[in-house]
Amino acid sequence: MPESEIREEPTVEAGREPQRPRLWQEPRAILMALVVASSVIVAAAWGIVGFSDYWETLDEAKTQTRNIASLLEEHALRTIEASDLAVLRVRDYAATVGMATLVSSQTAWRRFADMAQNLPQLGSLWIIDAEGRVVTSSLQQGPLPGSYADRDYFKAHRGGASFFVGERLVGRATGKPFFSISRPYWSPDGSFAGIVVAAIHVEYFTNFYRTLNLGPRSVVGIFRRDGAVLALEPGSLVAPGTRFAGLSQAPQAMTRSRTFVGRLPVDDVERIVTVRELEAPLIVSASISRQAALDDWRARLLRNGMFAAAALLAIGGLAVLGFRSLGREARASLALRHAKDELAERVEQRTGQLRESNASLRETVRHRDLLLQEVYHRVKNNLQLLDSVLSIQSRRLTTPEAGSVVADFRRRIQALGLVHGQLMKAQDLATFPVSAFLSELCENLEKSSGAAERGIAIESASDDMPVNLDFAIPVGLLVTELVSNAVKHAFSGADGGRVRVSLRHRSDDRIILTVADDGLGFPRDGVDRETSSIGMRIIDGLVAQLEGQMDIRMEGGTVVQITMPKPEFAK
Amino acid sequence: MSDGCVLVVEDDVLIALDLVEYLEEFGQRVCGTAASVDQAIALADEHRPKLVLMDVRLKGQRDGVDAATEIYNRYRTPVIFITGSREPQTVRRIQEDHPAAVLFKPIYSHELKRVLEEILARG
């Protein structure tokens, strides 16, 4: 029985916690860091973009007011220059035709009035004499009553000013606001003779300003150097005659443009303002409401904020999915660990059971072996007892024939006992080497057959082949009979002799048992007819049992050869 | 040769009887047969045998080797061991115990007679 060992597998130590991963190896921590980092990045990007966009927007608004102010300057200068040109033409004409003719001649007056019609900004042209009386106007030929001698423009020219911009006024006849520009004219002798005045529509400016479309709460205006408002869009912001003190900061014709964020003296709205001082004694200004300018920025900020919020929501959603998935994974791995632990436990149990059943099997086998050994021993012992009884019995026999019969009988019994003795020693309690068995048998036969006393040697030489009880018993008995026969009949006297026993395993897988003596022959008609005939019958029976064939020949003695098939168990 | 007796130690009655008859056949006086170690020592004390025929396997805890050692130590009596086993282990144990001779079962008349005469001749 080969001992099958259960190999101890290195099993998972039950209850041993797997090493906890470090914080930065923990998937949850990594995911959390990812979420926080991407949220911070999105928020920061939104903030930084919004911040720089804020300043860019303000800069853009400033640039816009600067550009508009340039445009206002261009417009104001052209308008004023064109109007001034008309005034100069009137003056030249008057000098050419003479003031009296211009006033009295219908044709001359018509030409004068036409000069006012050519320019859209021009409402009317007036000629006032040195006393401040209206000589004529483009609206109506002939003088008008009243004196303008106290008007600041008249005073300015009488004081020597060559050009003057008047304040914003409302036309008595038209009801429309206007402001004036004027120049003096002189008598041929060079003395002050009066002034030519052009009334310029404020609407001409405000209409243009309205088309600039600078957005809500923007203010566009043109002023005199002293801050007097000439035209302002929207006009509703100021009452007529308002002055914006401190508007002019530069000395004459110096740094002409400045841009700032502040309040205009019209309301509380904070504006981005460009003030541009012209070479003409005028100032233009464009301003945009800071709030309005930032509206776009605010819209962009909101839009970007919405994108950022959407991104954060997406990150959050993905994070939730990720955390859930991690949770599932953690649960699954926990379940897996439990399953592994359980499996390990079961393997442990099963291994234990197998070990136990193996041990019990080994114990059973050991018991069986002991029992078998005991049985062989008892059989051998009983055969010895039987042998002793026969020995005792034989002493009381009176005839040599009877003694011979008992002796034959004892030899057979001893052969059987020897088989059981071999079995007792056998490692597997079933097979033993045939050579050792035959050698011991021959040794015994030498003594029991009386060969030793007569100087007959019984020799054994066999192949080392394992045999079992079923083969050894018939072979043992056969050898016993053949050797006994040889010792009894082949030799005469006490000359000695030799009997050779051999068992060979032939290459054709047949077994050859040979018992050969160097005696005188096999006397078939011997004295011991009765016993030898029993012996022969036993021999024939055993040969048949072994499925063998017996061949007897004379060859320097008698050679008995039995050829038989190899027993099946033999290795 | 006729002085003293031979002690037979053999727990199997029939085998013992056979041995006794052999000995008587050879002209020996048998002091008695013992089936156990204690019995063997007691009989040896009583009869002071000149020779002991000792079976190795005996009834009880101790075996023939133990009995032989005891008797040899007391009286230096020669012991012929009789054993049914040719196991090297048993044979070695016997050899350590000053055996006068070792016979393997079955015992043959001529063999026993020859050994007996040899030992008794040694004195």
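Helices (H or I, at least four residues) and strands (E, at least two) are DSSP runs, numbered from the N terminus. The views below come from a predicted model, in which local features need pLDDT of at least 70 and side-chain atom pairs count only at pLDDT 80 or more, while totals for chains, interfaces and linings use all residues. Residues are numbered from 1 along each chain as its sequence is written, chains are lettered from A and ligands numbered from 1 in the order in which they are written, and side-chain values use heavy atoms, with hydrogens and water left out.

View 1. In chain A, the peptide bond that joins A:Glu233 and A:Pro234 is cis, with omega about 0°, and A:Pro234 belongs to the loop between strand S9 (229–233) and strand S10 (257–263). In chain B, B:Lys105 and B:Pro106 are likewise joined by a cis peptide bond, with omega about -5°; here B:Pro106 lies in the loop between S5 and helix H5 (109–122) of chain B.

View 2. A:Arg217, although not a glycine, has a positive phi of about 60°, and its place is the loop between helix H5 (202–212) and strand S8 (219–224) of chain A. With buried meaning under 20% relative accessible area, exposed over 50% and partly exposed in between (1.4 Å probe, protein chains only), A:Arg217 counts as partly exposed because its relative accessibility is 42%. A:Leu429, also a residue other than glycine, has a positive phi near 60° and lies in the loop between helix H7 (400–425) and strand S13 (431–433) of chain A; A:Leu429 is buried, since its relative accessible area is 6%.

**View 3. Aromatic pairs in chain A.** Rings of Phe, Tyr and Trp (its six-membered ring) pair if their centres lie within 6.5 Å, and planes under 30 degrees apart count as stacked, over 60 as edge-to-face and the rest as tilted. Over all chains, a search of the whole structure finds 11 aromatic pairs, among them the edge-to-face pair of A:Phe51 and A:Trp55, at 6.4 Å centre to centre with 80° between the planes. Both residues of this pair lie in helix H1 (residues 27–97) of chain A, 4 residues apart, about one turn of the helix; A:Phe51 is exposed at 56% relative accessibility, whereas A:Trp55 is partly exposed at 45%. A:Phe432 and A:Phe437 also form an edge-to-face pair, at 5.7 Å centre to centre with 65° between the planes, and A:Phe432 is buried at 2% relative accessibility, as is A:Phe437 at 0%.

**View 4. The open sheet of chain B.** Five strands form an open sheet in the order S2-S1-S3-S4-S5, with parallel pairing, where two strands pair if DSSP finds at least two bridges between them. Strand S2 (30–34) and strand S5 (101–104) of chain B stand at the edges with a single partner strand each, so one side of each is left without a neighbour in the sheet. Within the sheet, strand S3 (residues 51–55) and strand S4 (residues 79–83) of chain B run parallel and are joined by 4 bridges, and the bridge partner of B:Leu53 in S4(B) is B:Ile80.
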